[in-house]
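Trainee: Could you walk me through this one? I would like the terms spelled out as we go.

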Amino acid sequence: MCYNIKKYVKKQTKNRKDIFTAMANKILIETSARHVHVTAETLEILFGKGHTLTNKKDLSQPGQFACEEKVTVKGPKGALKASILGPTRPADQVELSLTDARTIGVVAPVRESGDIAGSGSCILEGPCGSVEVKEGVIAAKRHIHMTPADAAELGVSDKEIVCVKLDTARPLVFGDVVVRVSEKFALAMHIDTDESNAACAFGEVYGSIVK
Ligand SMILES: [Zn+2]
């Protein structure tokens, strides 16, 4: 009997994994390594006219992908390699950890993706040319992507600020986590490499909202 119930639940949840995960207040934690979003224009300067991005791996958020293309992010004190994430966007954006920013001597204010007015600057270098990014260098504010159904299950709303406890060998409660709700999202919390290392968030890690 028990076996049959398990089998039934497994079948029912096959395509509704996110909803059931939200019901359990169990959020997948993903670590975003440093990366760059570029405009189609910047991509052509860096990689040559007519160049398009090469999908290396689909990411958890629908339509987003890591690319084969890598660029050099240069600051006054040094340079680091970073992958491009696709697709191309309306503005260049460089997402670094605060350790990365310090290493290459750039300013990276903690901002939500897309909020780049007055943020840091750097040089992007590709095989065919370089671009000065006058603003767009940020340390991404930690955030949870979710669908409206997830938000309803978790009892939160778009732009709400919550705390999330990571269930790891070195548990950590992160404050100031912004909830981002869209039909286009899938349930996952994104932290950077500094935050991930601090919490020992390696492998498949989950967290839960604490209020
Ligand atoms: Zn994200």
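Mentor: Terms, then: helices (H or I, at least four residues) and strands (E, at least two) are DSSP runs, numbered from the N terminus. This is a predicted model, in which local features need pLDDT of at least 70 and side-chain atom pairs count only at pLDDT 80 or more, while totals for chains, interfaces and linings use all residues. Residues are numbered from 1 along each chain as its sequence is written.

Trainee: How many helices and strands does the chain have?

Mentor: There are six helices and 14 strands.

Trainee: And what percentage of the residues count as buried?

Mentor: Of the 211 residues, 34% are buried. A residue is buried if 20 or more other C-beta atoms lie within 10 Å of its own, exposed if 12 or fewer, and partly exposed in between, with C-beta atoms placed from the backbone.

Trainee: Which residues touch the most other members of the largest nonpolar core?

Mentor: That core has 25 residues, and V36, V73, V94, A108, C122, L124 and V137 touch the most other members. Two or more residues each come from α3 (40-47), β4 (65-75), β5 (78-86), α4 (98-104), β8 (120-125) and β9 (130-140). The largest share, six residues, is from β9. A nonpolar core here is a set of buried Ala, Val, Leu, Ile, Met, Phe, Trp, Tyr and Cys residues joined through C-beta atoms within 7 Å.

Trainee: Take V36. What does V36 touch?

Mentor: Leaving out residues up to four places away in sequence, V36 touches V71, V73, A82, I84, V94 and L124. Contact is the C-beta criterion: two residues whose C-beta atoms, placed from the backbone, lie within 7 Å. There is also a second, separate core of 19 residues, with L154, F185, A201 and I209 among them.

Trainee: Back to α3. Which of the α3 residues are buried?

Mentor: T42, L43, L46 and F47 are buried in α3. They sit on the same side of α3, because they cover an arc of only 110 degrees around the axis. The arc is that of the directions from the helix axis to the C-beta atoms.

Trainee: What do the buried residues of α3 pack against?

Mentor: They pack against β4, β8 and β9. Just after α3, G48 has a positive phi of about 105 degrees.

Trainee: Which residues other than glycine have a positive phi?

Mentor: K159 is one of them, with phi near 75 degrees, and D176 is another, at about 55 degrees. K159 is in the loop between α5 (148-154) and β11 (161-167), whereas D176 lies in strand β12 (residues 172-181).

Trainee: Buried or exposed, K159 and D176?

Mentor: K159 counts as exposed because it has 10 C-beta neighbours inside 10 Å. D176 is exposed too, with 11 other C-beta atoms within 10 Å.

Trainee: How does β11 run relative to β12, parallel or antiparallel?

Mentor: Antiparallel, with five bridges joining β11 to β12. Two strands pair if DSSP finds at least two bridges between them. L166 has L172 in β12 as its bridge partner, and a hairpin of four residues joins β11 to β12.

Trainee: What about β10 and β12?

Mentor: Strand β10 (residues 143-146) pairs with β12 in the parallel sense over four bridges. M146 stands opposite V181 in β12.

Trainee: Last one: where is the cis peptide bond?

Mentor: It joins G86 and P87, with omega about 0 degrees. P87 is in the loop between β5 and β6 (93-95).
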